[in-house]
Amino acid sequence: MDERSSSERNRAPYFSAHPRSFADFRYVYPVVSRRAGGISLGVNLNLDQRCNFHCIYCQVQRTDLPTQASAADRPTSSVALSGEPSAGESCPAAQGGQNRFIDLDRLAAELESVFQMWQSGRLFTIRPFSDLPPQLRRLNDIALSGDGEPTLYRNFPEIVACCAEVRRRHRLEDLKLVLITNASLLDQPYVQEGLDLLAQNNGEIWAKLDAGTEEYFRQVARSPVPFERILRNIQQAARRWPVVIQSLFMRIAGCGPSPDEQAAYCRRLKEIVEAGGQIKLVQIYTIARPPAEPIVSALATQELQAIAALVRQTTGLPVAVFPA
Ligand code: SF4
């Protein structure tokens, strides 16, 4: 039975498609986002679909890797952080990718173009944006996310600075800059440099935390990065900058997260707060698009709400639920 409200059902068609391509753009893709409650300008830094996680619910189809990525990643105007050891050598979480760069000229040009289309209304002559009701036509954020982990890029601070500068040129400083991250590299100096810039530019860190125990983390994220490192990174980041926790819960082979797992997840949140971390919001959501593994399916709205109620009750944190 579909337990969503009628407004949720009406909104669902806009949210079920999340193409990471728009016109002939390479990096920037506007989408209608359920969590943004409007239009989010995605910046897909991971054209090669690299990620140091391999989540069982990931929507990225990694069997069809694009061949343009290696050429696209060569820097043009960006300054290579040369002279430093490759973070890939010193950081096992990196799993390659950190010696790659984003073409900042092209990123800036694409952002300029979308801002102009949105400001002139031309964006709303193109589907699916032409179908959007007025309340969903607002531009909510620029989201550094995409087909992999965005902090894998060595010129990450310059990428943040580039987005902030284009936004400033269009007098859109209120537009949030959001980093959607699996938190594995938040302890890296070059990432922290970017996070400082993010914080100075109306930015938010949305850090993934899908588990309460190492065992469940291994099952879901399938990453060599230890769960302890993810927790430490989130905790330390939250002590410097307020973070949003994004948690995806699902059914795996027909089973949702056990009561013990849910209780452990709440304990992890409490530990972050007790260590002095600031959590602005906990986002509880489920899969909305086809997952990497067919054994994964969505939780019902009531199940998400029950997890949210447990989080509120045990941690006192604000929680938002985003049904499929
Ligand atoms: S961290 Fe994100 S991009 Fe990477 S595998 Fe998980 S869901 Fe996919």
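Modeller: Ala183 counts as buried, because its relative accessibility is 0%, and the cut-off for buried is under 20%. This residue belongs to a predicted model. Ala183 lies in the loop that runs between strand S4 (176-181) and helix H6 (189-200). Its phi is near 75°, which is a positive value in a residue other than glycine.

With a relative accessibility of 57%, however, Ala253 counts as exposed, since the cut-off for exposed is over 50%.

The backbone has a further feature to note, in another loop. Arg127 and Pro128 are joined by a cis peptide bond, with omega at about 5°. Pro128 is found between helix H4 (104-120) and strand S3 (139-145).

The aromatic side chains complete the picture. Three aromatic pairs are found in a search of the whole structure. One of them is formed by Phe249 and Tyr265, edge-to-face, with 5.0 Å from centre to centre and 85° between the planes. This pair links distant parts of the chain: Phe249 is in the loop between strand S6 (243-248) and strand S7 (250-252), while Tyr265 is in helix H9 (residues 259-274), 16 residues apart. Phe249 counts as buried at 1% relative accessibility, and Tyr265 is buried at 0%. Elsewhere, Arg154 lies over the face of Tyr190, 5.4 Å from the ring centre.

Methods. Residues numbered from 1 in each chain as written. Predicted model: local features only at pLDDT ≥ 70, side-chain atom pairs only at ≥ 80, totals over all residues. Heavy atoms only, no water. Phe/Tyr/Trp six-rings, centres within 6.5 Å; stacked < 30°, edge-to-face > 60°. Helix = DSSP H or I, 4+ residues; strand = E, 2+ residues; numbered from the N terminus. Buried < 20%, exposed > 50% of the residue type's maximum accessible area, 1.4 Å probe, protein only. Lys NZ or Arg CZ within 6 Å of the ring centre and 35° of its normal.
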